[in-house]
Amino acid sequence: MPIQFDNSFARLPPQFFSPQLPTKVAAPKMVKYNEALADELGIPNGDLTPNMLAGNDIPQGATPIATAYSGHQFGGFSPHLGDGRAILLGEIITPKGTRFDLQLKGSGQTMFSRNGDGRANIAAVIREYVVSEAMHALNIPTTRALAAVTTGDMVQRETATPGAVLARVASSHIRVGTFQFHYARQDKAALETLTDYVINRHYPDADGPIEMLTQVIERQAKLVAKWMGVGFIHGVMNTDNMSIAGETIDYGPCAFMDAYHPETVFSSIDRNGRYAFANQPKIALWNLSQLAQTLVPLVGEDAIPEIEAALNRFDDTFAVAFNTVFNKKLGFKNPQPEDKPLIENLLKIMAESQIDFTLMFSSLTRIAHSGDASDTRALFEDPRSFDTWLAKWTKRAQCENLVTRGLSMQAANPVYIPRNHRVEEVIQSANAGDYTKFEKLMDVLAEPYNYHANYDAFELPPKPEEQVHATFCGT
Ligand code: AMP
Ligand code: MG
């Protein structure tokens, strides 16, 4: 059976998108194809050729479009963004009946490109491939990478680098900015259509815009808590980069922290630390209040208190989600009142001593397994503050099932994350046409919670000379 397309977004009114064919490229070559994901989507082997994945050929049943959206970028509103370098090929219905977008990113200019070339380079494609698939393996809602192809054309950035296209799969590509687009145009009919569409597609049990908003808020709060549980920094939480379906989307200058500090920023364009690690919940709420504002024309001014009440619940929802994530990381199944200060205290001493986030928690798993705290103590120059904390944690653990604690902690504390210096290393090799490091890193990240004797080097933070201090947008 061929790929089952059913392109519902392309059946929306014309102001939602513009029909757009990808621009042809010189010589498409497959870099990586995600067979496991293709199977889930019901894509028969070989049905998507490199020419299709680069945009030279259009798969049967696809309806290529560029979608319209706006967005607050670093707090300033841009009414006209939209898919400037991405084309939505269509929606695939899986054998189980689930609907997913299939989008090509880097497939040429559209009416939304402004001054951009509509292209992506191999660096940006590999970064998104690695990090999005790592997030999936970490059980964090995310868009997926189906394939990476090189185009055979060069793309001019700081230097000329190989051009590439990422085939991306998402629950949908509707963003907070999609609502803002129609709100800014005061197009109430379009807002109604969009809200109905989103409820139907993503929140079928929501009865009306406010219930939809409430559920979007809940998904975002849980998502950001999950990010923080693995030390992830999105880097550009603009409203156009926030999915309405609650998936992590648009991996640009994102990174996982090595040494823990709440103010960590990676993005070279985030000069004021707006999207720093610990600011992420605050920014999520700010973005959600922009979404809420777009719903006012639909529900009327009288409903504003109800909207505000929904927004006001964000902080509690986030706090519960955050504690749930960190309770699991510390092996607490039966929550106790003293857990919250215990988590806060641990993060405080980690920040003071700049302890590696991932190593800290994976070494705590080892304590739970073996009782041996020497690995964790060795992370600290002066372990006294840790020793005090360890005594409290050990006492607290007595309320838990000590037989299952180690295993449940292992399932919450990854050993392998896509460390930034590893991602950079993979990108450097890929720029030179060598993908062996990319393949290897993907193997390591596929099972992030299981210790693997041959992967020691991937567990470790960068040596001083390997440290990456900023990541670039890579657009
Ligand atoms: P992003 O930084 O990926 O979230 O993109 C922000 C906006 O800039 C979106 O509207 C993109 O479509 C657009 N954009 C980013 N890079 C390019 C490019 N190379 N060519 C055209 N548009 C782009
Ligand atoms: Mg974006």
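**Ground rules.** I kept to a predicted model in which local features need pLDDT of at least 70 and side-chain atom pairs count only at pLDDT 80 or more, while totals for chains, interfaces and linings use all residues. Residues are numbered from 1 along each chain as its sequence is written, chains are lettered from A and ligands numbered from 1 in the order in which they are written, and side-chain values use heavy atoms, with hydrogens and water left out.

**Entry 1: ligand 1.** I looked up its neighbours (a heavy atom within 4 Å) and found 18 residues, with Gly-82, Gly-84, Arg-85, Gly-118 and Asn-241 coming nearest. By class, this shell has two nonpolar, eight polar and eight charged residues. For the classes, Ala, Val, Leu, Ile, Met, Phe, Trp, Tyr, Cys and Pro are nonpolar, Asp, Glu, Lys and Arg are charged, and the others, Gly among them, are polar.

Next I checked polar contacts (N or O pairs within 3.5 Å). A backbone N or O atom of Gly-82 sits 2.7 Å from a ligand 1 oxygen. The side chain of Asp-117 has an N or O atom 3.0 Å from a ligand 1 nitrogen, and the side chain of Asn-241 has one 3.0 Å from a ligand 1 oxygen. The protein covers 86% of the 480 Å² of accessible area (Shrake-Rupley, 1.4 Å probe) that ligand 1 has on its own.

**Entry 2: the second largest pocket.** A pocket here is an open set of points on a 1 Å grid over the protein atoms alone, where a 1.4 Å probe fits, with protein on both sides within 12 Å along at least five of seven lines; lining residues have an atom within 4 Å of a point. I noted a volume (space filled by probe spheres set on the points) of about 570 Å³. Lys-226, Thr-324, Val-325, Lys-328 and Ala-412 are the closest to the centre among 24 lining residues. Helix α9 (a DSSP run of H or I, at least four residues) gives the largest share, eight residues.

**Entry 3: domains.** The automatic or database assignment gives domain 1 (9–176) and domain 2 (332–410). Their C-alpha centres lie 41 Å apart, and each gives at least three residues to the lining of the second largest pocket.

How values were computed:
A polar contact is a pair of N or O atoms within 3.5 Å; within protein, one must be able to donate a hydrogen and the other to accept it, and residues adjacent in sequence count only if both atoms are side-chain atoms. Helices (H or I, at least four residues) and strands (E, at least two) are DSSP runs, numbered from the N terminus.
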